[in-house]
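Please consult the sequence and structure shown below.

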Amino acid sequence: MYKDIATPGRTKEILERYGFSFKKSLGQNFLIDANILRKIVDVADISPDTGAIEIGPGIGALTEQLARRAKKVVAFEIDGRLLPILADTLSPYDNVRIFHQDVLKADLHAVIAEELADVSDRMVVANLPYYVTTPIIMKLLTERLPIRGMVVMLQKEVADRLAAKPGTKDYGSLTIAVQYYTEAEVIMTVPRTVFMPQPNVDSAVIRLVKRQHPPVVVDDEGVFFQVVRASFAQRRKTLFNNLTNNLPGGKENKEQIERVLVALGIDPRRRGETLDIAEFASLSNALAPLFG
Ligand code: SAM
């Protein structure tokens, strides 16, 4: 077994050898605690049948832990300066393929079809770049990839939003999207001291396991997510005001919106954040004929 990359000493030595300077704008905070990385791989349930998909391998700290347990690892790294470093640090592993690419622009279906066709299990595992956490998670959720789910490190504040309960300050449209596609569980919080350089916020590891079927029946997903976004547009406004102000054509359909709410037994004066996913589903199904 080779020495872990994720120690303060080895990480410093690699960075110095290559004269690497961190780019804050790319969310470059590297993990220097191998125990945390092994825990991430454990909770992702990575086995010799798994194809792991990593976003932002950095200098390979998590990649090597994945490579030791998975059948294959496919990783997307946006920063070209890291490619020669990864070629060096990951040279002991022949089951890793690095793509020099912005993951947000990557055709993940095509890469999975090419690189991970022969695995029976696929999982995204990443220490995400914090400046693009939400777009990355939304891409992974909405593209309906053939994956089991994801285990990702992100800002604690975002993890709290993903797993929030109705009526709390963290509950919002991101919560509903995550609940619609997955079962979410915050696994652990992680102090900033295990990163180099240290970020300004604490972090958390969250596991999202893809649902076979959504937890609610939605007639038109486009309208469902439009209704959810509109309901949270201005958190201090009532549900009725948010729907009429933020749905396209909402103002012209004020009376019908009020009628729908009353018929469903949803008080128009409630705030969007008090509705659970089942209420959003019945509301959007009733509004779909008006806005679909
Ligand atoms: N996995 C490493 C670790 O745990 O030490 C590095 C994690 S660091 C928080 C995030 C990594 O994502 C950096 O290597 C950064 O260059 C890369 N990155 C940032 N934006 C990206 C994007 N849009 N697509 C792919 N990689 C990106």
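Which residue in β6 is the bridge partner of Val124? The partner is Met150. The model under discussion is predicted.

**Strand β5 and its neighbours**
- Strand β5 spans residues 121–127, and seven of its seven residues are buried.
- Asp121, Met123, Val125 and Asn127 point one way from β5, Arg122, Val124 and Ala126 point the other way, and all are buried.
- Strand β6 (residues 149–155) runs parallel to β5, and five bridges join the two.
- Between β5 and β6 the chain passes through helix α6 (residues 133–142), forming a right-handed β-α-β crossover.
- Strand β2 (residues 50–55) is also parallel to β5, with four bridges joining them; here Gly51 stands opposite Arg122.

**Salt bridges**
- The structure holds 20 salt bridges, one of which joins the side chains of Asp4 and Arg68 at 2.9 Å, N to O.
- This pair links distant parts of the chain, 64 residues apart: Asp4 lies in the segment before α1 (8–18) and Arg68 in helix α3 (residues 61–69).
- Asp4 counts as buried because its relative accessibility is 17%, whereas Arg68, at 25%, counts as partly exposed.
- Asp4 and Arg68 also belong to a network of salt bridges with Arg38 and Glu64.
- Asp79 and Arg81 form a salt bridge at 2.8 Å, N to O; Asp79 is buried at 4% relative accessible area, and Arg81 is partly exposed at 31% relative accessibility.
- Arg207 forms a salt bridge with Glu185, their closest N and O atoms being 3.0 Å apart.
- Arg207 lies in strand β9 (residues 203–210) and Glu185 in strand β7 (residues 182–190), so this pair ties together parts 22 residues apart in sequence.

Note on methods
Residues are numbered from 1 along each chain as its sequence is written. This is a predicted model: local features need pLDDT of at least 70, side-chain atom pairs count only at pLDDT 80 or more; totals for chains, interfaces and linings use all residues. Side-chain values use heavy atoms; hydrogens and water are left out. Buried means under 20% relative accessible area, exposed over 50%, partly exposed in between (1.4 Å probe, protein chains only). Two strands pair if DSSP finds at least two bridges between them. A crossover is right-handed if, with the strands pointing away from the viewer, the path from the first strand over the helix to the second runs clockwise. A salt bridge is a side-chain nitrogen of Lys or Arg within 4 Å of a carboxyl oxygen of Asp or Glu.
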